[in-house]
Amino acid sequence: MVDLALMAKLVDAVPERARLVLLGDKHQLASVEAGSILADMYAGRAQGVSAACAARVERLTGDVLPKSRGEPSLADGMVELTHSHRFREGGGIFELARAVNAGDAPRVLAVLGESPYVTLEPLPEPEHLARALGSVVEGKFGPLGDTSVAEKLALLDGFRLLCAHRRGPFGVETMNEWVRAHLRKLGALAADSDFYDGRPVIVTANDYQIELYNGDVGVVGRDAPDGPLSAWFATSAGSRSVPLALLPPHETAFAMSVHKAQGSEFDEIALLLGDRPSPILTRELVYTAVTRARTRVRIFGSPEVLSSAIASRVQRASGLRERLWGSE
């Protein structure tokens with residue numbers, strides 16, 4: 001999600017003899033700020049690679065690449081990875097993501113009716129959220145208040161509510177408050193203060209001293225029954241705790257925006273589209289959301305709203321594509 005200004009600073013800071021490797025998905029959401037960097041850079045590969053590059057690749061691998069008529073360019077250094085290690089090729093999520101990318105709304109709706117692991121369900125009225133989401137929220141988040149830190153982090157890795165909007169009846173703020181209140185009512189979480197055992201949190205600002213960064217997700221918990229509450233974050237060695245007083249700016253994270261979820265993955269996701277089309281609901285947003293899941297996707301919304309989103313694209317005019325590849 002790097003924006004144009006930050007990419008310009010990065011390229012300017014890299015030594016001339018260094019090799020810069022960029023890894024990302026051009027189909028996902030673009031940065032919040034100006035630019036759609038990967039999509040603009042990758043646009044030239046559709047024209048093919050240079051004849052010299054094609055000959056070298058064929059000699060080394062036997063693969064035949066489409067050739068352009070031009071001289072060697074950035075396209076010679078681009079590789080498209082097509083195998084997913086997150087979900088099974090040919091499975092429901094794979095077929096759904098492919099149909100979304102193609103902008104094929106009828107196929108998207110057909111896939112959502114073919115497999116129990118990718119479903120489209122009616123968006124409930126705000127006052128009836130418990131009827132549609134109560135059981136899944138209880139099953140996925142209810143145990144957060146009565147497990148070890150390691151188990152809490154594993155539970156958070158298993159499921160997340162993803163919202164298209166930040167505000168509104170189905171936005172991040174509303175859904176986080178509803179989940180908290182619902183679990184408190186059930187007695188699953190003692191969610192009667194700002195910090196409570198089992199509260200998931202997402203960091204919203206970088207803190208270089210604490211070494212926590214925007215987008216890091218953790219959970220409030222204790223490492224012993226009579227120990228103090230701390231915020232815990234997964235590490236390569238297990239987990240680390242941060243005193244609550246030192247926690248950088250953060251929010252509750254039962255639900256996350258699709259934008260914030262980029263780079264994350266979960267066993268299952270439930271995507272709340274909203275009750276009407278909006279400029280935020282785009283093909284890129286739906287693709288980003290469904291590809292966060294390893295095993296199951298539940299989309300809550302109407303076929304009409306989903307089809308409208310599939311037909312809408314993120315439109316960015318940064319000028320980078322034209323500078324790299326010309327006006328065609």
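Colleague: Over how many bridges do S1 and S10 pair in the parallel sense?

Modeller: This is a predicted model, with residues numbered from 1 along each chain as its sequence is written, and in it local features need pLDDT of at least 70, while side-chain atom pairs count only at pLDDT 80 or more. Totals for chains, interfaces and linings use all residues, and side-chain values use heavy atoms, with hydrogens and water left out. Helices (H or I, at least four residues) and strands (E, at least two) are DSSP runs numbered from the N terminus, and two strands pair if DSSP finds at least two bridges between them. Leu120 has Ile299 in S10 as its bridge partner, and the bridge count for S1 and S10 is 4.

Colleague: Okay, and which are the edge strands of the open sheet with parallel pairing?

Modeller: Run along that sheet and you get 5 strands in the order S1-S10-S9-S2-S8. The two edge strands each pair on one side only, and they are S1 and S8 (255–257).

Colleague: What about the antiparallel one: what does the twist average from one strand to the next?

Modeller: That sheet is open too, with 5 strands ordered S6-S5-S4-S3-S7. S6 (238–243) and S7 (250–252) are at the edges. From one strand to the next, the twist averages 35°.

Colleague: Let's zoom in on S3. Which residue is the bridge partner of Val203 in S7?

Modeller: S3 has antiparallel pairing with S4 over 3 bridges, where Pro200 stands opposite Val219 and Val201 opposite Gly218. Pro200 and Ile202 point one way, Val201 and Val203 point the other, and all are buried (buried is under 20% relative accessible area, exposed over 50%, partly exposed in between, with a 1.4 Å probe and protein chains only). S3 also pairs with S7, again antiparallel over 3 bridges, and there Val203 has as its partner His250.

Colleague: Which helix lies across S3, S4, S5 and S6?

Modeller: Lying across means contact here, so look for heavy atoms within 4.5 Å. Angles run from 0 to 180 degrees between N-to-C directions, and axes are lines fitted to C-alpha atoms, for helices over the stretch in contact. The helix spans residues 149–158 and runs at about 140° to S4; this is H7.

Colleague: And are H6 and H8 roughly parallel or roughly perpendicular to each other?

Modeller: Their axes are 10 Å apart and the packing angle is about 70°. Angles under 35 degrees count as roughly parallel, over 145 as roughly antiparallel, 65 to 115 as roughly perpendicular and the rest as oblique. So H6 and H8 come out roughly perpendicular.

Colleague: Which residues of H8 make that contact?

Modeller: On the H6 side, Leu129, Ala130, Leu133, Gly134, Val137, Glu138 and Phe141 take part. Facing them from H8 are Met175, Trp178, Val179, His182, Leu183 and Leu186.

Colleague: How many residues does the largest nonpolar core have?

Modeller: A nonpolar core is a set of buried Ala, Val, Leu, Ile, Met, Phe, Trp, Tyr and Cys residues joined through side-chain atoms within 4.5 Å. Leu96, Val108 and Val297 are among the residues with the most contacts inside the largest one. Leaving aside neighbours within four places in sequence, Val297 is in contact with residues including Ile93, Leu96, Tyr117 and Ile269. The residue count of the largest core is 34.

Colleague: On to charges: which residue does Glu121 meet in a salt bridge?

Modeller: A salt bridge is a side-chain nitrogen of Lys or Arg within 4 Å of a carboxyl oxygen of Asp or Glu, and the whole structure has 16 of them. In this one, the N to O distance is 2.7 Å and the partner of Glu121 is Arg298. The pair links S1 and S10, with the residues 177 apart, and both ends are buried: Glu121 and Arg298.

Colleague: What relative accessible area does Glu265 have?

Modeller: Glu265 meets Arg294 in a salt bridge at 2.8 Å, N to O. Glu265 sits in the loop between H9 (258–261) and S9 (266–272), 29 residues from Arg294 in S10. Arg294 is partly exposed at 21%, and Glu265 is partly exposed too, at 30%.

Colleague: Last one: which residues are linked with Glu95 in a network of salt bridges?

Modeller: Side chains of opposite charge can pair when their charged atoms come close. In this network, Glu95 is linked with Arg98, Arg107 and Glu114.
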